[in-house]
Amino acid sequence: MNPEDTKKAMSSRLKELTSAVGGPKKLAEISGVVENTLFNYLSGRTDIKASVLIQIAHATKSNASWLLTGEGSMMRGDEGAAPTAPTA
């Protein structure tokens with residue numbers, strides 16, 4: 001897969017996760033990623049940094065490997081569970 005296709009595929013998976021958590025505003029809120037930066041990742045204009053990918057995966061309890069490669073389940077651990085914001 002060429003780099004442009006890889007970026008589009010990661011953007012598509014990020015969109016799927018964004019939808020699952022309740023939209024871009026909610027993902028920005030729970031992950032701490034600035035909303036404008038998130039929109040750049042979602043549009044595929046900007047390559048997502050590894051540190052941000054891990055930050056998003058941690059905040060949503062999603063699988064960073066899935067976000068990066070598309071392999072495995074969207075969620076880590078509990079198969080089929082919807083991503084959620086961490087509880088206090």
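1. Helices here are DSSP runs of H or I with at least four residues, and strands are runs of E with at least two, numbered from the N terminus. By that rule Lys 61 is found in the loop between α4 and α5. The phi of Lys 61 is near 60°, a positive value in a residue other than glycine. At 39% relative accessibility, Lys 61 counts as partly exposed; buried means under 20% relative accessible area, exposed over 50%, and partly exposed in between (1.4 Å probe, protein chains only).

2. A word on the model: it is predicted, local features need pLDDT of at least 70, side-chain atom pairs count only at pLDDT 80 or more, and totals for chains, interfaces and linings use all residues. Residues are numbered from 1 along each chain as its sequence is written, and side-chain values use heavy atoms, with hydrogens and water left out.

3. Ser 62 also belongs to the loop between α4 and α5 (64-69). Is Ser 62 buried or exposed? At 1% relative accessibility, Ser 62 counts as buried. Its contacts (heavy atoms within 4.5 Å) are with Leu 17, Ile 56, Ala 57, Leu 67, Met 74, Met 75 and Arg 76, leaving out residues up to four places away in sequence. The side chains of Ser 62 and Thr 60 are joined by a polar contact of 2.7 Å. A polar contact is a pair of N or O atoms within 3.5 Å; within protein, one must be able to donate a hydrogen and the other to accept it, and residues adjacent in sequence count only if both atoms are side-chain atoms.

4. Which residues of helix α3 (residues 35-43) are buried? They are Leu 38, Tyr 41 and Leu 42. These residues cover an arc of only 100° around the axis, which puts them on the same side of α3; the arc is that of the directions from the helix axis to the C-beta atoms. Their cover includes α1 (3-21), α2 (24-31) and α4 (50-60).

5. Ser 43 lies in helix α3 and is partly exposed, at 39% relative accessibility. A polar atom of the Ser 43 side chain lies 3.1 Å from the backbone oxygen of Asn 40. Ser 43 and Ser 12 are 31 residues apart along the chain, and their C-alpha atoms are separated by 8.8 Å. After α3 comes Gly 44, with a positive phi near 80°.

6. The largest nonpolar core has 19 residues, of which Leu 14, Leu 17, Leu 27, Val 33, Leu 38, Ile 56 and Leu 67 touch the most other members. Two or more residues come from each of α1, α2, α3, α4 and α5. Such a core is a set of buried Ala, Val, Leu, Ile, Met, Phe, Trp, Tyr and Cys residues joined through side-chain atoms within 4.5 Å. Beyond its neighbours within four places in sequence, Leu 27 is in contact with Leu 14, Thr 18, Val 21, Gly 32, Leu 38, Ile 56 and Thr 60.

7. How many salt bridges does a search of the whole structure find? It finds 2, a salt bridge being a side-chain nitrogen of Lys or Arg within 4 Å of a carboxyl oxygen of Asp or Glu. Asp 47 pairs with Lys 7, with the closest N and O atoms 3.8 Å apart. Asp 47 lies in the loop between α3 and α4 and Lys 7 in helix α1, so this pair ties together parts that are 40 residues apart in sequence.

8. Lys 26 forms a salt bridge with Glu 29, the closest N and O atoms being 3.7 Å apart. Lys 26 and Glu 29 are 3 residues apart in helix α2, about one helical turn. Lys 26 is partly exposed, with a relative accessible area of 33%, and Glu 29 is exposed, at 58%.
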